[in-house]
Amino acid sequence: MTATPDAKPLKGLFIRTYGCQMNVYDSERIRDVLKPLGYAPVEAPEGADLVVINTCHIREKATEKVYSELGKLKQMKLASGGKMTIAVAGCVAQAEGAEIIRRQPAVDLVLGPQAYHKLPEMIARASRAVGDRLETGFDTVEKFDALPKTREPDGPAAFVSVQEGCDKFCTFCVVPYTRGAEISRNVDDIVSEIRDLASKGVREVTLLGQNVNAFHGPAPRLEGGADWTLGQLVRHIARIGGIERIRYTTSHPRDMDDDLIAAHGDTPAMMPFLHLPVQSGSDRILKAMNRGHTADQYRDIIDRVRKARPDIAIASDFIVGFPGESDADFEATMQLVRDIGFAVAYSFKYSSRPGTPAAEMHGHLSEAVKDERLQALQSLLRDQQTAFNQAQIGKTLPVLVTGKGRNPGQMHGRSPYLQALHFDGTEALINTLVDVKIVSASLNSITGEHVRAREPAA
């Protein structure tokens with residue numbers, strides 16, 4: 001097609017995303033707010049007009065990756081004759097905004113996770129060489145109100161932010177300082193967004209929040225306007241035509257109320273998968289972390305969830321080598337893992353983050369001790385994950401087909417348990433739900449045979 005004389009050429013936008021699902025969602029919304037300015041996604045930073053690095057500040061390595069990436073981008077900017085604009089967004093930007101500009105002058109714009117709706121304005125200011133290059137305000141409500149009301153989904157599954165921020169103040173965590181206080185979105189806006197996504201073919205939504213099960217969102221037009229809990233929200237979303245699968249992440253044990261647990265059992269659209277971070281199996285360490293729960297309280301929550309939904313798979317997060325962690329404390333973590341049995345878990349060595357209470361604690365462990373404990377924990381968790389995947393062999397699972405697999409004629413999808421799944425099929429199955437019989441399994445994925453298409457839920 002020949003461009004008309006009035007057509008404006010698209011500007012290349014490259015976004016590199018580090019960290020959690022919330023950052024993935026934020027990157028999608030950054031793309032949305034820049035679309036009216038003529039920016040279109042490109043596959044690589046070379047030659048892009050605007051490069052956005054959306055950052056994570058949870059661990060030291062993630063932060064250093066950002067600076068390493070910026071060094072490479074500086075060279076690309078020089079090669080472009082200075083035409084490339086570099087923006088740093090997310091939690092590192094929030095925590096170290098002025099330091100980023102000082103340490104890497106090639107960066108043009110720095111904006112925190114609650115300010116990316118201001119990116120068009122910041123770009124305009126930068127083009128005129130006027131105004132501040134740094135935006136790190138905490139006005140989450142303004143951000144939600146300013147974002148485009150409709151989105152173009154990338155496939156049959158979509159993230160939807162319903163809650164942001166954290167009031168828990170775990171002693172190892174920077175999130176309360178980089179994301180701000182807990183705040184929940186208006187229910188009407190969430191429902192409107194999901195209805196729009198459903199009309200565009202989305203069949204699965206994952207509700208996102210730093211503490212998503214702390215959700216208490218106002219519902220002005222629904223049932224009298226009282227605040228809703230996450231359980232109420234989930235049940236309402238399940239009634240939206242086209243939405244057949246609902247997930248949520250990341251949750252906190254302190255906010256697993258009875259109604260949300262019941263929703264796992266009484267709402268078929270809720271997928272049988274719960275990611276509930278525990279961090280440690282030692283009560284002494286949990287107290288030092290300011291987690292607000294004991295190991296046995298965590299066990300009790302899992303017992304109640306499994307009674308409500310017997311087929312549920314449990315996922316969690318662990319930190320080893322927290323300051324003062326003894327051999328007995330670590331063994332308590334190992335015992336909790338043995339007691340519960342996880343389908344998947346994410347485990348990390350403790351990483352000291354400046355400004356957090358844990359950074360000032362006594363009893364920091366050597367890297368050698370942390371390495372040894374992490375290897376032992378990950379070995380146990382790998383065995384459990386492999387066993388869970390192998391237990392699916394012979395079962396027929398409903399699979400949401402998300403795209404093509406690596407091999408010719410192969411399709412890729414996700415099981416109800418969030419496992420990556422491959423099977424032979426045609427591209428016509430993409431964006432549909434199909435039944436797949438599982439024939440083999442490994443640590444990170446399962447393989448099946450397409451059985452039949454599934455009828456849409458009534």
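Student: Which residues does isoleucine 438 touch, not counting those up to four places away in sequence?
Tutor: Isoleucine 438 touches Gln392, Ile393, Gly394, Lys395, Leu397, Leu421, Ile446, Thr447 and Gly448. Contact here means heavy atoms within 4.5 Å. Bear in mind that this is a predicted model, where local features need pLDDT of at least 70, side-chain atom pairs count only at pLDDT 80 or more, and totals for chains, interfaces and linings use all residues. Numbering starts from 1 along each chain as its sequence is written, and side-chain values use heavy atoms, with hydrogens and water left out.

Student: OK. How far apart are isoleucine 438 and glycine 394 in space?
Tutor: They sit 5.4 Å apart, C-alpha to C-alpha, although 44 residues separate them in sequence.

Student: And is isoleucine 438 buried or exposed?
Tutor: Isoleucine 438 counts as buried because its relative accessibility is 1%. The cut-offs are under 20% relative accessible area for buried, over 50% for exposed and partly exposed in between, with a 1.4 Å probe and protein chains only.

Student: Which strand does isoleucine 438 lie in?
Tutor: Strand E20, residues 433-441. Helices (H or I, at least four residues) and strands (E, at least two) are DSSP runs, numbered from the N terminus.

Student: Switching to the open sheet of six strands: what's the order?
Tutor: E2-E1-E3-E4-E5-E6, with parallel pairing. Two strands pair if DSSP finds at least two bridges between them.

Student: Which strands stand at the edges?
Tutor: E2 (39-41) and E6 (134-135); each has a single partner strand, so one side of each is left without a neighbour in the sheet.

Student: How many bridges join E4 and E5?
Tutor: Three, in the parallel sense, between residues 85-90 of E4 and 109-111 of E5. Valine 88 has valine 110 in E5 as its bridge partner. Helix H3, residues 91-103, packs on this sheet and touches E3 (50-55), E4, E5 and E6.

Student: New topic, the largest nonpolar core. Which residues touch the most other members?
Tutor: Leu207, Leu233 and Phe342, out of 53 residues. Such a core is a set of buried Ala, Val, Leu, Ile, Met, Phe, Trp, Tyr and Cys residues joined through side-chain atoms within 4.5 Å.

Student: Which helix gives the most to this core?
Tutor: Helix H7 (residues 187-199), with six residues.

Student: What is phenylalanine 342 in contact with, leaving aside neighbours within four places in sequence?
Tutor: Its contacts include Tyr298, Ile314, Phe318, Leu336, Val337 and Leu381, and also Gln384 and Gln385.

Student: Last one: which residues of helix H9 are buried?
Tutor: In H9 (residues 258-266), Leu260, Ile261, Ala263 and His264 are buried. What covers them includes helix H8 (230-237), strand E13 (245-249), strand E14 (273-275) and helix H11 (295-308).

Key
Axes fitted to C-alpha atoms, helices over the stretch in contact; angles between N-to-C directions.
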